[in-house]
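Please look over the model below. My notes on it follow as numbered points.

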Amino acid sequence: MATQIHFQTGPQDYPIPDWNDYKVRAVTAEARPWPPAHGDIKSILIIKLDALGDYLLHTPFYAHLRKFYPQATITLLCNKINLNLAEHNPTFNHVIAPPHEPGYDQAQSFLYAIELGAHEAAPFDLIIVPRWTEDWHHAGVIAQTLDAPYRLTYAANTQPYKQQHFPQHDDFFTHVIDDPRPAHEVWRGMQILHALGMAMPPVIDIKQEFHFTAEDENKINAIISAQDFPRPWIAFGVGASADFKRWPSEYFADLAQKLPGTIFILGHGAKDEATAVAIAAAHPAAQNLVGKLTPRENGVFIRHCDILVCNDSFALHAAATVGTPAIEIIGHPADSTAGQNEYTPWRFGPWGIPFAWLQPATCKASARMIPDFRLDPKCIGDVTAEDVCNAVMEGNRRWPTVR
């Protein structure tokens, strides 16, 4: 079988971490006792400078942090692209973004942290960097410069690459979580709360959140009422953060010809627009919404759809948040030796919905002796349009929707 299809019913299918099998370690002998006294935490800064999907994956963490510290002022420092998602989240008293793009250098991070020290929510009692992998965004520099008495993140020893290339990582913090076991990103956020002393809620109570406005709803209602679009409504999330995550444009075009109903194309940027053009050439009735919707509006639109077909992208996690079933296409081969830990597919799978992911059984398109799907974008091309079409049909049968 060239492609493997995995159907899941929801978050309960992901491995649940053993909450007794990790530890919080003080980085220096001068660090204060852990956990902090609950009443001592009056101002919290969360530094989360990742992409759109990462923001949604951590909304359960944000919401339960607010419940655990109802008295605290909570500030989110996020990537500029995430302002649209975070600005109406009631968890946060303040949402701010640095003027630089993600990945800016340490000197810029240091200078920005000095400016942040004058923010009305400063000084901060607790700074949290909820990132298990390497700190590309220099959040540690910001945390150390702000000098909060409690600064928490995951230790450098969580993965070999991080330990090798970020040897000073732990020194930016007062406390780190030692846990090299891979886990779903939602569980990562919840683990931080457990480390702070919060009891874990039932899985059913751990939910992602979208915070829409009436204007978002009105814009989408105008689009979907413009004409009588035949059902089912199938959204194509054609975007991806990297080429190895991007299913080829011609495959999306081929799939569009095989499916019933109405195809809506979602995404942003030149590559996504090129894919939309290819789909429209093969299937003129497809509706091109690339670049026409904000992240929040994308979420509202996906909520109206019957199913989403997408790469590993923001659209996938938007569907999970609003409750629309999804078919995810990934390039991680089932037999690959690359990524058996931090790149395990279920680490970033959708949370809260029934879904299926399709992956090549092996990366036969790659010329590498040991295929590495991160380095070879051809791997994802081993998943055919016929495979995805069959998964969509099976998904529609398993997950009927009433709109």
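1. An open sheet is built from seven strands, ordered β2-β8-β7-β6-β3-β4-β5, with mixed pairing. Its edge strands are β2 (23–26) and β5 (94–96); each has a single partner strand, so one side of each is left without a neighbour in the sheet. From one strand to the next the twist averages 20°. Strands (E, at least two residues) and helices (H or I, at least four) are DSSP runs numbered from the N terminus, and two strands pair if DSSP finds at least two bridges between them.

2. The model is predicted: local features need pLDDT of at least 70, side-chain atom pairs count only at pLDDT 80 or more, and totals for chains, interfaces and linings use all residues. Residues are numbered from 1 along each chain as its sequence is written, and side-chain values use heavy atoms, with hydrogens and water left out.

3. Strands β7 (residues 150–154) and β8 (residues 175–178) run parallel and are joined by three bridges. Leu152 has His175 of β8 as its bridge partner.

4. Helix α7 (residues 185–196) packs on the sheet, in contact with β2, β6 (126–128), β7 and β8 (heavy atoms within 4.5 Å). The directions of α7 and β7 make about 140°; axes are lines fitted to C-alpha atoms, for helices over the stretch in contact, and angles run from 0 to 180 degrees between N-to-C directions.

5. In helix α8 (residues 214–224), Asp216, Ile220 and Ile224 are buried (under 20% relative accessible area; exposed is over 50%, partly exposed in between, with a 1.4 Å probe and protein chains only). These residues lie on the same side of α8, because they cover an arc of only 60° around the axis, taken from the directions from the helix axis to the C-beta atoms. Glu215 and Asn218, on the other side of α8, are exposed.

6. What do the buried residues of α8 pack against? Their contacts are with β9 (233–237) and α11 (295–304).
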